Structure formats: C-alpha cells, structure tokens
Amino acid sequence: MKKRGRARINSVILSTRSLLTAGLLLIFAGQIIAGESLEQTIAYLIDHVGSSKAMFIRNGAEHTSAEAASHIKAKYEHFKNQIKTPEDFIRLSASKSLLTGKPYLVRTSDGKETHLDAWLMEALKEHRAR
C-alpha cells in the first residue's frame, strides 16, 4: 500500500512539473512568436516616454520626457533581475516613487493628466496590436 501511495504522489509531482514547464514554454514561445524580446519591448516603452511631447510629474516636480526616460531606465536597471514581463517593468520602474510611494503622472499636450503606468499600459496595448 505504501509503495502505491508513493508512486501516486510521484506521479502527481511529475504531472505538476510537466504542466508548469509547459506553461512556461508557452509564455516564452508567445514572446518569440511575437518576434520581440522583453528588452526590445522595454526599449520601445522607454523610447515612447522619451520621444513624447508630454510633461512627467514625479513627487510633485515636473520633468521633461528625456528626464523621465532616463529615470525610468535607471529604475529598470535597478530592478532588471525581477522583471520578467513588460507589465513587471511598468509596475516596478514606471508607476510610483520608491521614496514617497506617490504615483508618477503624465500630462499630455492636451493638458490631461493620468497615471504614468496606465498611460504606458495603453502604449503597450497599442504596440502589441501592431
């Protein structure tokens, strides 16, 4: 009876490992099929910030698009080992101040203010649709 129980547990463990491996392969295959690496997508998002005509607000102070892109890139380098997806990049590098916890804001040329993470998620969505 003990041998059957152990065999059944080993079978469940093997099945679980196989499912996890398959899931991870699907995630990475999706990135490969998309034809763009994580680094390329992050570079696109940083360039999107840097080339925008928007004003970026961090801890109440206004910053140019070039300053914002530089800051976000530095945070990306800091968190690089924790970033596995573009969404991780946005959450860790482009959502809020580590010092104050205040969200980063973006003021577009039409005067509308929104959270930078939402603005970048929309840019990511549009980028993926292309």
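Reply: A crossing is left-handed if the near helix is turned anticlockwise from the far one by less than a right angle, and right-handed if clockwise. The model here is a predicted one.

Me: In which hand does helix 2 pass helix 5?

Reply: The axes of helix 2 (residues 38–51) and helix 5 (residues 116–129) come within 11 Å. By the clockwise or anticlockwise rule, the crossing of helix 2 past helix 5 is right-handed.

Me: Is helix 2 parallel, antiparallel, perpendicular or oblique to helix 5?

Reply: The two axes, of helix 2 and helix 5, cross at roughly 125°. Roughly perpendicular covers 65 to 115 degrees, and roughly antiparallel needs over 145. The angle therefore makes helix 2 to helix 5 oblique.

Me: How do the residues of the contact of helix 2 with helix 5 divide into nonpolar, polar and charged?

Reply: Helix 2 contributes Thr 41, Tyr 44, Leu 45, His 48 and Val 49. From helix 5 come Trp 119, Leu 120, Ala 123, Leu 124 and His 127. Tyr and Trp count as nonpolar, and the division is seven nonpolar, three polar and no charged.

Me: Which strand and which helix each supply at least two residues of the lining of the largest cavity?

Reply: The structure holds one cavity of 30 Å³ or more, and the largest has a volume of about 60 Å³. Its lining includes Phe 56, Ile 57, Arg 58, Ala 68, His 71 and Ile 72. The lining divides into seven nonpolar, two polar and one charged. The elements asked for are strand 1 (55–58) and helix 3 (65–79).

Methods
Residues numbered from 1 in each chain as written. Predicted model: local features only at pLDDT ≥ 70, side-chain atom pairs only at ≥ 80, totals over all residues. Heavy atoms only, no water. Axes fitted to C-alpha atoms, helices over the stretch in contact; angles between N-to-C directions. Helix = DSSP H or I, 4+ residues; strand = E, 2+ residues; numbered from the N terminus. Parallel < 35°, antiparallel > 145°, perpendicular 65-115°, else oblique. Contact = heavy atoms within 4.5 Å. 1 Å grid on protein atoms, 1.4 Å probe; cavity = no way out; pocket = protein on both sides within 12 Å on 5 of 7 lines; lining within 4 Å. Points joined across faces, edges and corners; volume = space filled by probe spheres on them.
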